[in-house]
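Dear colleague,

I am passing the structure on to you below, followed by notes on what was found in it.

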Amino acid sequence: MAKIELQNIAHSYNPQSAEQIYALNPFNMTWEDGGRYAILGPSGCGKTTMLNIMSGIVQPSEGNLLFDGVDVTKLSTSERNIAQVFQFPVIYGTMSVEQNLAFPLVCRNYEKPAIDAKVNEVAEALGLQELLTKSASRLTADQKQLISLGRGLVRDDVAAVLMDEPLTVIDPDLKFRLRRQLKEINQKYRSTLIYVTHDQNEAMTFAENVIVMDAGRIVQVGTPKELFERPKTTFVGYFIGAPAMNFFRCERDGDYSLRFGGNTITTQTRLTELSASQLKLGIRSEYIKIVDTIGQNTIPARVKRVEDLGNHKLVSAVSNDLDIKVKVHRDTAIPAEQVHLDLPAENCCVYADEILVQN
Amino acid sequence: MRVLYTSLKYLAVVLWSTFVIAPFLWAVSTSFKDFQSVTNGATYIPWVDFEPNLEGWRALWKSPAQGGVDIVEPFFNSVFVTASGSLISIVLGTLAAYALSRFTFKAGFIRNGDITFFFISQRIMPPVVLAIPFFIMLGKFSLLDTLAGLIIVYIVLLMPIAVWIMVDFFNKVPVEIDETALIDGCNPLQAFYKVVLPNSIPGIIVAGMFCMIFGWTDFFFSFILTFTEVQLLPVAIVALNSSITPWWSLSAAALVSVAPLVLVAFIVERYLSKGNLSGALK
Amino acid sequence: MSLIASNLSFKPGNEWHLDNVCFEMSKGQIYTILGRTLAGKTTLLKTLAGLISPDQGTLTLDDRDFGSIPVWKREVAMVYQQFINYPHLSVYENVAFPLKQRRMQSDQIKARVMKALQQVGLDGFENRKIQALSGGQQQRVALARSLVKEASVILLDEPLVNLDYKLREQLREEFRNIFSSEASKDSILIYSSTDPVEAMQLGGQILVMDEGRILQQGTSKEVYENPNCTKVAQITNDPAMNLFEGRVEAGRIILSSEIELELPQHCKRLATGSYIFGMRAAGITLNQTGFPFSVELSEISGSETFLHIRHEMIGVVGLLDSVQNFNTGEVVRVQFDTMQLYVFDQNEQLVSSPYCGLE
């Protein structure tokens with residue numbers, strides 16, 4: 001296992017010319033040994049490029065890649081000792097599960113007893129012991145995906161496990177089983193796991209740290225909690241969370257207050273020295289409360305529609321032409337059409353020119 | 001280490017290219033020689049080793065009476081037979097392949113895969129095995145030594161290639177495209193020619209190219225099934241190899257026979273490299 | 001106007017793809033077929049489209065025999081999960097294709113194509129090549145082609161499953177707006193999905209499907225509140241409803257030697273015996289006086305934490321309303337909210353639910 005450092009890495013389509021078009025803008029990043037990371041972003045944001053640079057499928061046009069301090073930028077994929085899991089399981093259908101797992105070791109001329117020991121250990125960790133003698137082609141999609149992963153893990157010199165949307169083909173109710181096994185593997189082997197996905201739920205539930213990317217840039221690195229509560233840009237607020245964060249255009253109205261649509265809201269952000277052209281207030285629909293009396297931080301609203309999401313209800317409300325989404329528990333009673341929405345000051349984020357104001 | 005590896009790699013490429021190109025260059029050079037330059041030991045470079053002339057080329061359209069070899073008629077015979085044989089093979093082969101790709105056939109133990117194999121099996125047999133039955137059958141219908149007879153034989157030989165390539169191609173076209181066409185109001189035949197066919201042009205071009213190459217270069221069947229009335233180019237060229245071989249004309253004729261293939265390969269390569277093959281369907 | 005299916009069965013090999021499927025659907029409504037992969041959803045949609053001829057059963061639309069009309073004369077439209085368009089045609093020609101096939105006049109075609117493209121937000125893209133579009137745009141073209149025909153039955157086979165998470169959310173919202181608008185007043189809309197939240201969000205009726213059978217049909221509220229069997233309870237919840245076996249004895253529910261629950265009001269009538277109990281993740285929370293469970297996995301998703309916990313044979317997933325970190329193996333105290341308890345008999349049929357629809 002290794003610590004992976006990306007130093008001034010960038011990838012451009014036209015490295016020779018003066019005006020470069022970057023698929024991935026220059027950045028620095030360190031992946032700690034044994035960490036569990038997710039790279040999250042929409043299609044074409046550069047997340048797969050970043051993964052491919054680490055695996056060696058893509059040569060970055062600038063910068064250096066270090067595994068435990070050793071420069072591996074110029075090495076090929078096979079020389080880097082990384083394990084990869086792709087969207088679709090890669091298995092050798094003609095072999096048994098055991099032969100599949102043993103294959104990387106057989107190719108490297110390991111001794112038979114050493115192979116058996118390692119294969120059994122990995123099979124146990126992945127919960128595949130009972131399937132060892134079965135033909136790999138007869139397994140379910142999640143079991144096949146575990147085998148793809150297992151083939152990466154049998155090698156004891158693996159620097160990192162890189163996964164590109166590994167749960168795409170897995171049924172929703174089996175996904176968690178695979179996620180759990182990934183986490184157990186991570187705890188047992190202390191292997192660095194890097195997981196690329198466009199699905200915020202997967203990223204948040206899987207990773208200790210999530211790297212949010214957009215248009216070839218890293219926008220925010222943080223724990224799921226930080227990303228949810230204090231998104232650094234409006235993009236992160238939009239991309240993470242279902243529904244997206246509510247945003248309202250507003251104006252400054254005192255040191256801590258904002259005014260929008262005829263309402264004044266107090267925040268915990270000091271706004272005194274702010275000189276931005278555009279201010280926005282951001283608040284998660286989960287934090288907004290429906291109340292029936294006017295309070296410190298309430299705004300009047302009209303309930304437009306209530307959607308039943310099972311455990312939750314999603315209330316679409318309108319306040320002075322502003323659309324607001326509020327997510328409440330299923331058993332919450334929604335009062336008559338006219339309501340007041342309470343926006344707790346500690347949950348209000350202020351964005352100056354789309355960037356979170358922090359102080 | 002890396003430098004050594006790279007140089008070895010390039011050396012291998014250079015060696016192989018020389019091996020492939022040398023005979024070709026040799027033929028080009030020979031086609032401009034005369035009797036003297038061919039028989040007086042090996043000569044290589046025009047104007048230095050020998051004085052080039054166009055006699056070998058001129059002889060191609062002079063009749064034997066004028067001391068020429070006249071390959072004009074065999075050339076057009078070849079063009080006609082290959083083109084018609086390929087065209088009919090592609091039309092029939094594409095239809096057959098589509099059926100094999102989209103519908104399930106059952107006859108006893110026979111399934112689609114077996115039928116496809118049956119087509120290809122025509123090409124597994126050594127040509128000699130087919131030659132005698134062909135000879136007898138064409139003889140029965142008085143088609144020996146005729147262009148029509150040759151075309152029929154070529155269809156038998158070329159259609160398996162077309163079927164084989166097109167089955168593979170159609171299998172890669174998502175069946176949902178046909179289904180969408182049906183849902184959009186096409187009957188099965190319309191779905192085929194309005195939607196599937198326009199998206200299969202790259203496959204048809206590849207299949208057509210293979211048919212033309214195999215048809216054009218066939219010597220064995222045209223040699224056995226024709227005598228005096230009809231002569232195809234490969235047979236005509238080989239016939240030049242008589243007691244006193246006119247090596248210059250032979251070389252020139254050989255180059256003429258290769259030219260259409262080079263032209264086809266060039267055009268198709270340009271077309272394919274534009275990404276038309278891979279880009280049409282994901 | 002209604003579409004009636006009776007006894008549709010299809011068994012191409014050893015497995016039932018459709019097993020005695022019966023339903024009635026009426027105009028202007030959305031129906032979601034919810035089921036896992038390979039549940040028979042696609043087979044059912046293809047049967048409705050006429051692409052598959054069932055071994056048995058009949059289909060009628062407005063008392064006409066619908067099942068005997070060949071595909072190309074049936075008034076149906078279908079959108080696949082793969083992005084299926086005609087690659088050799090432009091966006092405009094793609095959408096115009098079904099109308100040209102009907103020999104409609106070109107000015108009429110133009111008006112309808114432009115309207116459909118506008119509905120899906122693709123005006124200005126008429127002359128683009130299909131390959132030059134993003135996945136989301138390609139799926140919009142397919143949708144426009146299905147709208148332009150004004151077909152009486154519109155089939156959508158997991159149309160969003162291959163799109164990015166956030167795009168899926170956005171398109172789902174747009175879909176619902178398009179289909180609740182005037183345009184589809186005369187159509188029956190059938191949508192298939194594996195995602196219970198998606199099914200809930202689309203509103204309308206849900207048909208829960210498994211192994212070729214329709215297990216339950218009802219409004220999303222009905223299916224959520226009273227799943228008629230354990231399979232439905234699992235399929236319609238994400239995470240799947242927790243199921244655990246136990247006994248009812250002397251007014252108490254005995255789950256293990258240490259876990260006993262009070263019989264809640266809605267289960268008072270249960271006779272002594274063995275049952276399967278069901279509870280959603282939201283009904284399982286932490287409480288100091290609760291039962292000891294050990295943590296197998298904790299997953300943070302924004303504002304919530306999913307806790308996978310186990311006590312002897314009982315493995316369940318709980319949902320906490322806050323973000324908390326737990327170590328694997330840690331012992332937590334857990335409380336079951338018996339007011340949210342479902343009870344199924346040994347044949348996995350619902351006998352008691354908090355919403356008491358069935359008695």
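In chain A, five residues of domain 1 are in contact with nine residues of domain 2, where contact is taken to exist if the C-beta atoms of two residues, placed from the backbone, lie within 7 Å. The side of domain 1 of chain A that touches domain 2 of chain A divides into one nonpolar, two polar and two charged residues; Ala, Val, Leu, Ile, Met, Phe, Trp, Tyr, Cys and Pro count as nonpolar, Asp, Glu, Lys and Arg as charged, and the others, Gly among them, as polar. The two domains of chain A cover 4-235 and 245-356, with bounds that come from an automatic or database domain assignment, and their centres, taken over C-alpha atoms, are separated by 39 Å.

Please keep in mind that this is a predicted model, in which local features need pLDDT of at least 70 and side-chain atom pairs count only at pLDDT 80 or more, while totals for chains, interfaces and linings use all residues. Residues are numbered from 1 along each chain as its sequence is written, and chains are lettered from A and ligands numbered from 1 in the order in which they are written.

Chain A as a whole has eight helices and 21 strands, these being DSSP runs numbered from the N terminus (helices H or I, at least four residues; strands E, at least two). Its C-alpha atoms fill a box of roughly 75 × 55 × 30 Å along the principal axes, and 40% of the 359 residues of chain A count as buried, that is, with 20 or more other C-beta atoms within 10 Å of their own, against 12 or fewer for exposed residues and values in between for partly exposed ones, all C-beta atoms being placed from the backbone.

Chain A also contains an open sheet of six strands in the order 13-12-11-14-20-21, with antiparallel pairing, two strands being paired if DSSP finds at least two bridges between them. Strand 13 (263-266) and strand 21 (355-356) of chain A stand at the edges with a single partner strand each, so one side of each has no neighbour in the sheet. Within this sheet, strand 11 (residues 246-252) and strand 12 (residues 257-260) of chain A run antiparallel and are joined by two bridges, and A:Glu251 stands opposite A:Arg259 in strand 12 of chain A.

Chain C has eight helices and 20 strands, and 47% of its 359 residues count as buried. The domain assignment of chain C gives domain 1 (2-226) and domain 2 (242-352), whose C-alpha centres lie 38 Å apart.

As for the interface, 33 residues of chain C are in contact with 28 residues of chain A. On the side of chain C that touches chain A, strand 15 of chain C gives the most, with five residues, and the residues of that side divide into twelve nonpolar, eleven polar and ten charged.

Two local details remain. C:Pro70, in the loop between strand 5 (64-65) and strand 6 (76-79) of chain C, is exposed, with 10 other C-beta atoms within 10 Å. In chain B, helix 5 (residues 112-124) bends by about 25 degrees at B:Phe118, the bend being the angle between axes fitted to the seven residues ending there and the seven starting there.

Best regards

Key:
The expected span of a helix is 1.5 Å times one less than its number of residues.
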